[in-house]
Amino acid sequence: MSFWQSGTGITPSGRPEDAFTQNFTVIPEGSCAEAMIKSFTLVEKENKHTGKIDKFYMVVWKILSGDYKSQEVTQKIKCFDGKPEQIDRALNMLKLVMQLCDFKPTHSEAPKDIELIPMLNKILSIKIGEWSMPKQDGGMMEGNFVRECWASGHLATETGIKAEVVHRPTDSALTRNAKMPDLDDSLPF
């Protein structure tokens, strides 16, 4: 194999559009696209906020159509911990993805990474959502998640509308207490 033969078998063109990385931005709420499962793994990692071990399935989707073609979106399927209703919804999502990929587990235990391999490279239609949360420095973190999964071709490819982030002031003891002592009064001690 020649050094100049790429991993996909295409001869390098040297054109800027083939050489530069796209600017990956947050995908607008409600965007729909065809997407391929790039990876599907069982994740077990320590939560740095709680110190507990989080266990969930992580699906990485590569978008194949529309304005955000080639971007990746992750989907966490949290079917091990949480409220019973959340676990039920997550188990239903996991089973739905498996059914859409024509995957049938061979046992009743939680599937392991090696068992999930047959779902790689499967193409489905996905609807994307946005998330945001305040950072400790006062800024906002934003990202995407997979809101819905459908059979390939079920959803028309379309770009959604950017969700408006509403910044709410943080409560403090001074703002929560309706009756605060006047700090100009003399102190009782």
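**Entry 1: starting at R147**

I began with R147, which counts as partly exposed because its relative accessibility is 37%. By the cut-offs I used, buried means under 20% relative accessible area, exposed means over 50%, and partly exposed lies in between (1.4 Å probe, protein chains only). A note on the model before I go on: it is predicted, so local features need pLDDT of at least 70 and side-chain atom pairs count only at pLDDT 80 or more, while totals for chains, interfaces and linings use all residues. Residues are numbered from 1 along each chain as its sequence is written, and side-chain values use heavy atoms, with hydrogens and water left out.

**Entry 2: salt bridges**

How many salt bridges does a search of the whole structure find? I got four, taking a salt bridge as a side-chain nitrogen of Lys or Arg within 4 Å of a carboxyl oxygen of Asp or Glu.

R147 forms one of them with E29, and their closest N and O atoms are 2.7 Å apart. This pair links distant parts of the chain, 118 residues apart: R147 sits in strand β5 (residues 140–151) and E29 in the loop between α1 (16–19) and β1 (32–46). For these names, helices (H or I, at least four residues) and strands (E, at least two) are DSSP runs, numbered from the N terminus. E29 is partly exposed, with a relative accessible area of 23%.

Next I looked up E130 and K162, which form a salt bridge with closest N and O atoms 2.6 Å apart. Here E130 is in strand β4 and K162 in the loop between β5 and α4 (173–176), 32 residues apart. Is E130 buried or exposed? E130 counts as buried because its relative accessibility is 11%, whereas K162 is partly exposed at 42%.

K162 also forms a salt bridge with E142, at 3.4 Å between the closest N and O atoms. E142 lies in strand β5 and K162 in the loop between β5 and α4, so this pair ties together parts that are 20 residues apart in sequence.

**Entry 3: the core**

On to the inside, with a reminder that in soluble globular proteins, nonpolar side chains tend to be buried together. The largest nonpolar core has 28 residues, and I37, F40, Y57, W61, I77, V97 and M119 touch the most other members. Such a core is a set of buried Ala, Val, Leu, Ile, Met, Phe, Trp, Tyr and Cys residues joined through side-chain atoms within 4.5 Å. Elements giving two or more residues to this core include β2 (53–63), β3 (72–77) and α2 (84–100).

I picked Y57 and listed its contacts (heavy atoms within 4.5 Å). Not counting residues up to four places away in sequence, Y57 touches several residues, among them F40, I77, L94 and P111.

**Entry 4: strands side by side**

Two strands pair if DSSP finds at least two bridges between them. β1 and β2 pair in the antiparallel sense over 11 bridges, and β2 and β3 also pair antiparallel, over six bridges. M58 in β2 stands opposite T41, and M58 also stands opposite K76 in β3. Which residues of β3 make its covered face? They are V73, Q75 and I77, while E72, T74 and K76 make the uncovered one.
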